[in-house]
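Work through the exercises below with the model open. Each task is followed by a stepwise solution.

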Amino acid sequence: MALAGTHDLSKAVFAVMPVYPERESSVLKLVKKKRGESVANDEDRDRSASVVSSSVADGVAIGSIHLDDDDNALGAQAAVSNTGGGGGIDSLLDLSDPSEQPPQQQQQQQQQQQQQQASSGLEDIFSAATAPPSAASITDLFAAPSPAAPVLSHGGPTPPDPTALATHRATLSAMQLQPSLDGVLYEDANVQIGLRAQFQAHQGKIALYFGNKAAAQMTDFTSVVGPFPPLEVQSKPPPSVVDPRQQAQHLLLIQSVQPFVDKAPLVVTFTLSGTTHHLPLHLPLSPFSFSSGVTYAAQDFFARWNACVGNGKDRQLIVKAKDPSCLTKPVRDQALNALHISQLAGVDPNADNNVAAGVMATKGDGVEMLVRVEANMRDGLLRVSVRSASAVLAEAVEGLLRLQLGVPQ
């Protein structure tokens, strides 16, 4: 109604959009330039499109912003997703069926896949800013062909390397304490498995990257998550064949259904040089992948605190501090931050104690968690008190704080 009274402005707002000109990818233009091919036709087409845009917008007070090409459009979508706006969780990773996409988009995806296969390896996917220092590129890992794994006499699947499996278990705990899940999940002489994940409320999108380090082709390749009832999983599985010194991708859309303590199973199998390999792994997911902080006034906090009693909903743990620094408030603050919950000031009469609150998002209602941590400097002890509407979530909170602050058992 406001626009109706402003003729010039309404004319500009409701003006017909100019036709979007068909333009070739800017990346392909650069490739053609390097090859010495002429791009005069592309430039003429761009100039003609500019003339059309100028003639349509002539006399209009507000101009239009045009996307140069599909690459820029995809870049804009990625920027919106990373800042938490726009398409939200559904735009983080594409789980659509390639056969349902337009031919032009399929061609672009094929070109992108070819470029990825020509890249140096996992360091191109896990950037130097986020990849762990120990993560080597596939180029380095493939400097010399890996020896073929031994075949067991009974003819069954070859079990994983015990050292690599132990490192994987340690990685699960380390990743759980990271602000975001990003790094190498498992690695042995034949395969390197990388992971990158993003979460929003009760949903998460995970990309698994499998690098074939061997000099032979991997066949019958499978990657399966679950069954794991606390999570609903939609999967876009990797291809069944992974060529030597190449990598495959497995995309997952995950929704939390209820709190959990155990890790979701990930089973990877493949055949290499006639030998079947079976890797019983896990994903580094926890309830805190889906949690966020909440704030309460002191009166509201204690009302909720007193309501969570019995049936395992109230847990208390006294542990010996892992080292003297764990008794200090900054280290305790850091431990609570790993839960992705909010610390509350002015709730506890003793300002040196930690009080925090948060909610784990699920497909249904969110599940609340309340935490209090006290330090006994003289005896080197910590008392962790946890209350939640879910006994399982209270156990998970207690377990993660014990892992960070207490002496290993």
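**Exercise 1. Surroundings of Q176**

Task: This is a predicted model. Which residues does Q176 touch, not counting residues up to four places away in sequence?

Solution. 
- Step 1. List the contacts: Q176 touches K263, S286, F288 and L400, with residues up to four places away in sequence left out.
- Step 2. Q176 belongs to helix α8, which covers residues 162-176.
- Step 3. Look for a polar contact. The side chains of Q176 and K263 make one, at 3.3 Å.

**Exercise 2. Burial of Q176**

Task: Decide whether Q176 is buried or exposed.

Solution. 
- Step 1. Take the relative accessibility of Q176, which is 15%.
- Step 2. Apply the cut-off: buried means under 20% relative accessible area.
- Step 3. Conclude: Q176 counts as buried because its relative accessibility is 15%.

**Exercise 3. Cysteines and disulfides**

Solution. 
- Step 1. Recall the bond in question. A disulfide joins the sulfur atoms of two cysteines covalently.

**Exercise 4. Aromatic pairs**

Task: How many aromatic pairs are there? Describe the geometry of the pair F210 and F221, then that of F221 and F270.

Solution. 
- Step 1. The distance of the centres and the angle of the planes describe a pair of aromatic rings.
- Step 2. Count: the model has 6 aromatic pairs.
- Step 3. One of them is F210 with F221. The centres are 5.0 Å apart and the planes make 70°, an edge-to-face pair.
- Step 4. Locate this pair. F210 sits in strand β3 (residues 203-212) and F221 in strand β4 (residues 218-225), so the pair ties together parts 11 residues apart in sequence.
- Step 5. Check burial: F210 and F221 are both buried.
- Step 6. Move to F221 and F270. This pair is stacked, with 5.9 Å centre to centre and 15° between the planes.
- Step 7. Locate it. F221 lies in strand β4 and F270 in strand β7 (residues 265-272), so the pair links parts 49 residues apart in sequence.
- Step 8. Compare with the accessibilities. F221 is buried at 3% relative accessible area, and F270 counts as buried at 2%.

Methods: Residues are numbered from 1 along each chain as its sequence is written. This is a predicted model: local features need pLDDT of at least 70, side-chain atom pairs count only at pLDDT 80 or more; totals for chains, interfaces and linings use all residues. Side-chain values use heavy atoms; hydrogens and water are left out. Helices (H or I, at least four residues) and strands (E, at least two) are DSSP runs, numbered from the N terminus. Buried means under 20% relative accessible area, exposed over 50%, partly exposed in between (1.4 Å probe, protein chains only). A polar contact is a pair of N or O atoms within 3.5 Å; within protein, one must be able to donate a hydrogen and the other to accept it, and residues adjacent in sequence count only if both atoms are side-chain atoms. Contact means heavy atoms within 4.5 Å. Rings of Phe, Tyr and Trp (its six-membered ring) pair if their centres lie within 6.5 Å; planes under 30 degrees apart count as stacked, over 60 as edge-to-face and the rest as tilted.
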